[in-house]
Amino acid sequence: MNESELRERMHEWAARVPPPGPDPARIAGRGARRAARTIVAGIAAVALIAAGVFAAARTIQPDRPARLVTPPTTTGACDGPGLHLAQVYGTVNRIAGRYPTNVRNLIRWLYERSGPDEPRPTYGQWHQRDGDDAITVCVYEGLFDVPKGPPGGTPPPRTALSIFVPDREQPRLDSVGPGPFDWAYTPAPPGCHEGEPGCDELGLCKWETEAALPCGNGVEQGRAYRYRLWGHCGIRQAWFDGRLWQTDPPVDAPSDMVEGTMTLIAADEARFQVPGLDPITFRAQPPPTPALCD
Amino acid sequence: MVMTRASEEGLVRAAGGRLETLYELHGHDLKRLAYLMTGNMALAEDLTQDAFIRAAGRLGHLRDPDRFPAYLRKTLVNMVRDHFRRKTPTPAQHGSGGSRDLDAEHDLRIALAALPYRQRAAIVFRYYADLPDEETADILGCRRATVRSLIARGLSELKIRMEVSGNE
């Protein structure tokens, strides 16, 4: 696809867009409705605050027990509801991984986890949810029954099982596989986002110490963080955990922008993983020696 | 063509600031832009109307009313950004019917929708709206060099995604 083709395609799509539906009067009405909604919301907010003050006044009375608040299910989700569901399918030996994340990251992970050459889901039940909804991915190892094996053969033993536990909802079975779970495609917390301290407009870590995770200091060892690398001239250096890292020799990059996960393996070792590529090991570099006059 | 210089010239003044006239003049163009940036017709419709309501409310505060179309585009970009901060982009799933050309078009739309919104916006502004990089930079609130960089990265990612989907 070249640039002129892209231009042509865009104009074709745009030509098919029908004019906006409602007439201007409705638009104006919509503005008025919005204003009305704002007023109603304001009144509701005042009422809620009043109700809150009233409830607080009731709560502090010594003879009235405080009402219990149900904790979110993401606390211990893999030990509680997730584990119960996993045990329905077989024997659980251990919880191999717990990943508190959100729906946005989950969708991205579902898209990428099978690797670059496998079918990719483009739409599913999670797309209908708010991307910020909390969800925990739990991975269990053990021996699990398979509801249906392949026709004409003995199904291989299923030793890994993953379950999604949405916040305050029932857990759902994701997949049962032969295992071991492929850690390269585990759901990673968000990486560097434009607008955050230490992140540039392309989502790359700036070489600054005052930066948000995973660019800044404080990365959790063993946890995979989403990470972007600029690979135009090959992958050589990275800024991660508030430090400079280097791989020697440099590694050829499949594209200018390489997106994967970066994991702190040891105090001085980090690993960058991209679906379909061998892991790239980085070594921490000593801080630069200040010049005499600095 | 989307709100070219010629079509912009004097339109706001001719409209006399009346919302319905402005909507007739710019509504369709804005919806086309919104569709290219979101890949979703229903969402494009919503964002167009919301952007209009928001931008028209500020019309009286604009120093240069001729800049209204540019202000509309900026408002739209901000609304697309805000929307995708809350939601994952989901281009409408139109069946491709199995035709090779339609498959390629479908893949391109999916690939475009998967780009970060700034890359997507920069590409749409250059290849559809034919805006100079300077104006795109103004809308996105960045430097011209950044716009060029965004477009280069976006095209590179589009190419990769298209190759991947073409091999599937």
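Trainee: Which residues do ring pairs link into a cluster?

Mentor: Please keep in mind that this is a predicted model. The cluster joined by ring pairs consists of A:Tyr225, A:Tyr227, A:Phe240, A:Trp245 and A:Phe272.

Trainee: How many aromatic pairs does the structure hold over all chains?

Mentor: Five aromatic pairs are found over all chains. In one of them, the ring centres of A:Trp207 and A:Trp239 lie 6.2 Å apart and the planes meet at 20°, so this pair is stacked.

Trainee: Where do A:Trp207 and A:Trp239 sit in the chain?

Mentor: A:Trp207 belongs to the loop between strand S4 (172-177) and strand S5 (224-230) of chain A, while A:Trp239 is in strand S6 (residues 235-240) of chain A. The two are 32 residues apart, and the pair links distant parts of the chain.

Trainee: Is A:Trp239 buried or exposed?

Mentor: A:Trp239 counts as buried because its relative accessibility is 10%, and the cut-off for buried is under 20%.

Trainee: What about A:Tyr227 and A:Phe272; is that pair stacked or edge-to-face?

Mentor: That pair is edge-to-face, because the planes of A:Tyr227 and A:Phe272 stand at 75°, with the ring centres 6.1 Å apart. A:Tyr227 is part of strand S5 of chain A and A:Phe272 part of strand S9 (residues 269-273) of chain A, so the pair ties together parts 45 residues apart in sequence. Both A:Tyr227 and A:Phe272 are buried.

Trainee: Let us step back. How many helices and strands are there in chain A?

Mentor: Chain A has four helices and 10 strands. From the N terminus on, its elements follow the order α-α-α-β-α-β-β-β-β-β-β-β-β-β.

Trainee: And what does the secondary structure of chain B come to?

Mentor: Chain B has nine helices and zero strands.

Trainee: What share of the residues is buried in chain A, and what share in chain B?

Mentor: In chain A, 36% of the 294 residues are buried. In chain B, buried residues make up 54% of the 168 residues.

Trainee: I would like to look at helices from both chains. At what angle do helix H1 of chain A and helix H7 of chain B pack?

Mentor: Helix H1 (residues 3-15) of chain A packs against helix H7 (residues 117-127) of chain B at an angle of about 90°, and their axes are 9 Å apart. The angle makes H1(A) roughly perpendicular to H7(B).

Trainee: Which residues meet there?

Mentor: From H1(A) come A:Glu3, A:Leu6, A:Arg7, A:Met10 and A:His11, which meet B:Ile123, B:Val124, B:Arg126 and B:Tyr127 in H7(B). By class, the residues of this contact of H1(A) with H7(B) are five nonpolar, one polar and three charged.

Trainee: Staying with chain B, how many residues of helix H8 are buried?

Mentor: Six of the eight residues in helix H8 (residues 133-140) of chain B are buried, so the helix is mostly covered. Those buried residues of H8(B) are B:Asp133, B:Glu135, B:Thr136, B:Ala137, B:Ile139 and B:Leu140. Just after H8(B), B:Gly141 has a positive phi of about 70°.

Trainee: Back to chain A. Which residues does the cis peptide bond with omega near 5° connect?

Mentor: That cis bond runs from A:Leu213 to A:Pro214, and A:Pro214 is in the loop between S4 and S5 of chain A. A cis peptide bond also joins A:Asp248 and A:Pro249, with omega about 5°. A:Pro249 is located in strand S7 (residues 243-251) of chain A.

Trainee: What is the phi of A:Arg168?

Mentor: A:Arg168 has a phi near 65°, which is positive in a residue other than glycine. A:Arg168 is in the loop between strand S3 (158-166) and S4 of chain A. It counts as exposed because its relative accessibility is 54%.

Trainee: And is A:Asp241 buried or exposed?

Mentor: A:Asp241 counts as buried, at 5% relative accessibility. A:Asp241 also has a positive phi, about 55°, although it is not a glycine. Its place is the loop between S6 and S7 of chain A.

Terms used: Residues are numbered from 1 along each chain as its sequence is written. Chains are lettered from A and ligands numbered from 1 in the order in which they are written. This is a predicted model: local features need pLDDT of at least 70, side-chain atom pairs count only at pLDDT 80 or more; totals for chains, interfaces and linings use all residues. Side-chain values use heavy atoms; hydrogens and water are left out. Axes are lines fitted to C-alpha atoms, for helices over the stretch in contact, and angles run from 0 to 180 degrees between N-to-C directions. Angles under 35 degrees count as roughly parallel, over 145 as roughly antiparallel, 65 to 115 as roughly perpendicular and the rest as oblique. Contact means heavy atoms within 4.5 Å. Ala, Val, Leu, Ile, Met, Phe, Trp, Tyr, Cys and Pro count as nonpolar, Asp, Glu, Lys and Arg as charged, and the others, Gly among them, as polar. Rings of Phe, Tyr and Trp (its six-membered ring) pair if their centres lie within 6.5 Å; planes under 30 degrees apart count as stacked, over 60 as edge-to-face and the rest as tilted. Buried means under 20% relative accessible area, exposed over 50%, partly exposed in between (1.4 Å probe, protein chains only).
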